[in-house]
Amino acid sequence: MNLDRRSVILGALGLAACDFPVAGAVASVPPLRGASAHPIGCTVTAAECLDVIASNRLAEQFSQLTPEFEMKMNALQRSDGSRSFGAADIIMAYAKSHGQSVHGHALVWYLHQPAYFTALANTQQVIGRELDRYIADVCGHFRGAVRGWDVVNEPLSPNGEMIRPCLWSNALGDDGYIIRSFEAARQADPDAILFLNEYDLESRPEKRLAFLKLVERLLRAGSPIDGIGTQTHATIDLADGAIAETLRELAGFGLKIHVSELDISFGAPRFDIESLASKRARQAQQARAIAEAYLALPAEQHYAFTLWGMIDSQSHLRRPPRNLVDDEPLAFDESGRPKPMARAIYDAFAAAPPAQGDGVMPGR
Ligand code: XIL
């Protein structure tokens, strides 16, 4: 643990460091999106787009948005076989009017198996045809407006021993459903940047290896994969250097890299005397290391650096099933004030060489 003297004294006295004005708060940080031309992203919901406070905050800070639910299959798929684009279209219109690009998340995910699909005959022919039609409809609807897609989300089992069994793999084969999904997405929106997105790649080396092998197989099969999304749901205890090693290994294929769902948890609640200020400082160190490791990749491989939520109180970690109600995994506190994590990200991006390649494409 990285306790400074003050934290230890505060802890020993039973004082919460947050009673003091310097408890890890940062007076002011310029908007993250102003730090550089690199896309810096955040999740968004349609409800936030319609809420004055939330929508102003997101517009001020971020140059790219990832819908948190609205482009997932359970949100888009109706039981009669048609699709429901209303909520996602609210986000598209909002992003366009604020000069933000949109990252589509996620076409195919083992966790989303809407009733329409599970009621179908579980054959290669039927599931294949309906999955193709789904991807054609969705990518077609957002064609030219969404910058990139997570085509398949979380393909591996938690430790990476196997492809996660799901409706799609059962009908179309383990690699088969992934290959088919990428082909359908390429056909439906030839200019969208297509990603395979996975979690725990920085914390489980054996899963990372399995993921690298999967990407290699997909590329060998001629799959039109353009990028790798590494979710990066990290903790403040992440080993030094783990993220840099991970990003370097993932970048070995020359594909685009997306730090796609960053949050940095304080970890499971435990008895400790570490002050809030110390936890926030360690969180900021991790954030800086992750941003710097991303920025150190070859310029043409940068896609975006995306946070999974803006303010702590909205983090998915605070909700079921995790229920980490005291956790502070994000860069802004519940009132929207920047934490040291925001400062660290801003500083890393502001110090980096200018973005190259396609950068932010408002409306795309
Ligand atoms: C999460 C949302 O943030 C939650 O609110 C929702 O209930 C479940 O999905 N990995 C992913 C994201 O790829 O889609 C997940 O988002 C978080 C983990």
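Six of its six residues are buried, so β5 is largely enclosed by the rest of the structure; buried means under 20% relative accessible area with a 1.4 Å probe, protein chains only. This is a predicted model, in which local features need pLDDT of at least 70 and side-chain atom pairs count only at pLDDT 80 or more, while totals for chains, interfaces and linings use all residues. Residues are numbered from 1 along each chain as its sequence is written, and side-chain values use heavy atoms, with hydrogens and water left out.

Display the side chains of β5 next. Ile 193, Phe 195 and Asn 197 point one way, Leu 194, Leu 196 and Glu 198 the other. In a regular strand the side chains alternate between the two faces of the sheet.

Then select strand β6, residues 227-230, which pairs with β5 in the parallel sense over four bridges. Here Gly 227 is the bridge partner of Phe 195.

Finally, move to Gln 283 in helix α12, residues 276-295. Gln 283 is buried, with a relative accessible area of 0%. Its side chain makes a polar contact with the side chain of Lys 339 at 3.2 Å (a pair of N or O atoms within 3.5 Å; within protein, one must be able to donate a hydrogen and the other to accept it, and residues adjacent in sequence count only if both atoms are side-chain atoms).

Key: Helix = DSSP H or I, 4+ residues; strand = E, 2+ residues; numbered from the N terminus. Buried < 20%, exposed > 50% of the residue type's maximum accessible area, 1.4 Å probe, protein only. Pairing = 2+ DSSP bridges.
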